[in-house]
Amino acid sequence: MQDRYTGDIGDFGKLGLLRQLASTGLSIGVNWYHTPDETHNSDGLHIGYLQKQDFRSCDPTLWSALGQIVSSGKREIAALEQNSVLDATYFGRLLASSSADKITRQAVRMDWHRQALQALHGCDIVFVDPDNGLMVPSADGTAKSNKFVLPYELAEYYNAGASIIYYQHKARRPDEFYIDQHRQLVSSGAFPGAASLGLKFTKTSLRYYFCAIRPEHVKALTSCVQQMMQSPWQYCFEQIL
């Protein structure tokens, strides 16, 4: 997540989902996977949803709150960390790219993760928001690795007692590729007893939210998603898993 994305349609979708899940009474933790702003593309400009009533009907309170943030001109992740947007525990320490050697980058990453794990300990649900999603071999250990989440990081949240949700960007691959990728993750043995759930956000740029749900949270979370998919949110989301 980059500051320049704050308030865009991606935020509307993910925060809307988390607000629905928070209605179960389960506590939410958010790791933004905060990375420095890039300038090579126009990402973050997708704010046209703030002019459309179809989006407002999904969650008028969230729609208005994000509109105020965008109109203020102060598009920073910290602006989202208010109860009117989402009552949650947040970890926003910057995970910066580095020109250091691979070993140093890995050490910095491990320290960053330990701090995040400690900050979000005790949350029932932990949402992680990397720019791209699960780590891919071509980025592992490189300066671009901060744009991805590592499987062991997800597993440590899960085994500390949290159900996990992670953002996955959709590139030029079919849904089945990402569904299989998630199933392989959950069946790896690192998420004992986990149930899987997957949602696709279908507006503007396609994106996924995949869940590894702890047994004690399955009933509450699956019921919540079923209700969500019968609400105005069905305009934005499709359940794919």
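Close-up 1. At 10% relative accessibility, lysine 200 counts as buried; buried means under 20% relative accessible area, exposed over 50%, and partly exposed in between, with a 1.4 Å probe and protein chains only. This is a predicted model, where local features need pLDDT of at least 70 and side-chain atom pairs count only at pLDDT 80 or more, while totals for chains, interfaces and linings use all residues. Residues are numbered from 1 along each chain as its sequence is written, and side-chain values use heavy atoms, with hydrogens and water left out. You will find lysine 200 in strand S7, residues 195-201. Strands (E, at least two residues) and helices (H or I, at least four) are DSSP runs, numbered from the N terminus.

**Close-up 2. The surroundings of lysine 200.** Look for aspartate 175, whose side chain makes a polar contact of 3.0 Å with the side chain of lysine 200. A polar contact is a pair of N or O atoms within 3.5 Å; within protein, one must be able to donate a hydrogen and the other to accept it, and residues adjacent in sequence count only if both atoms are side-chain atoms. Setting aside neighbours within four places in sequence, lysine 200 is in contact with residues including Arg207, Tyr208 and Cys236, where contact means heavy atoms within 4.5 Å.

**Close-up 3. Strand S8 and its partners.** In strand S8 (residues 207-213), 7 of the 7 residues are buried, so the strand is largely enclosed by the rest of the structure. One side carries Arg207, Tyr209, Cys211 and Ile213, the other Tyr208, Phe210 and Ala212, and all are buried. S8 runs antiparallel to S6 (residues 163-169), joined by 6 bridges, and antiparallel to S7, joined by 7 bridges. Two strands pair if DSSP finds at least two bridges between them. S7 and S8 form a hairpin with 5 residues between them, and threonine 204 in the turn has a positive phi of about 60 degrees.

Close-up 4. A disulfide is a covalent bond between the sulfur atoms of two cysteines; here it is counted as a pair of cysteine sulfur atoms within 2.5 Å. By this rule the count comes to 0 disulfides. Cysteine 224 is in none, as the nearest cysteine sulfur, in cysteine 211, is 10 Å away. The sulfur of cysteine 236 is 4.0 Å from that of cysteine 58, its closest cysteine sulfur, which is too far for a bond. Cysteine 224 is buried at 7% relative accessible area, and cysteine 236 is buried at 0%.
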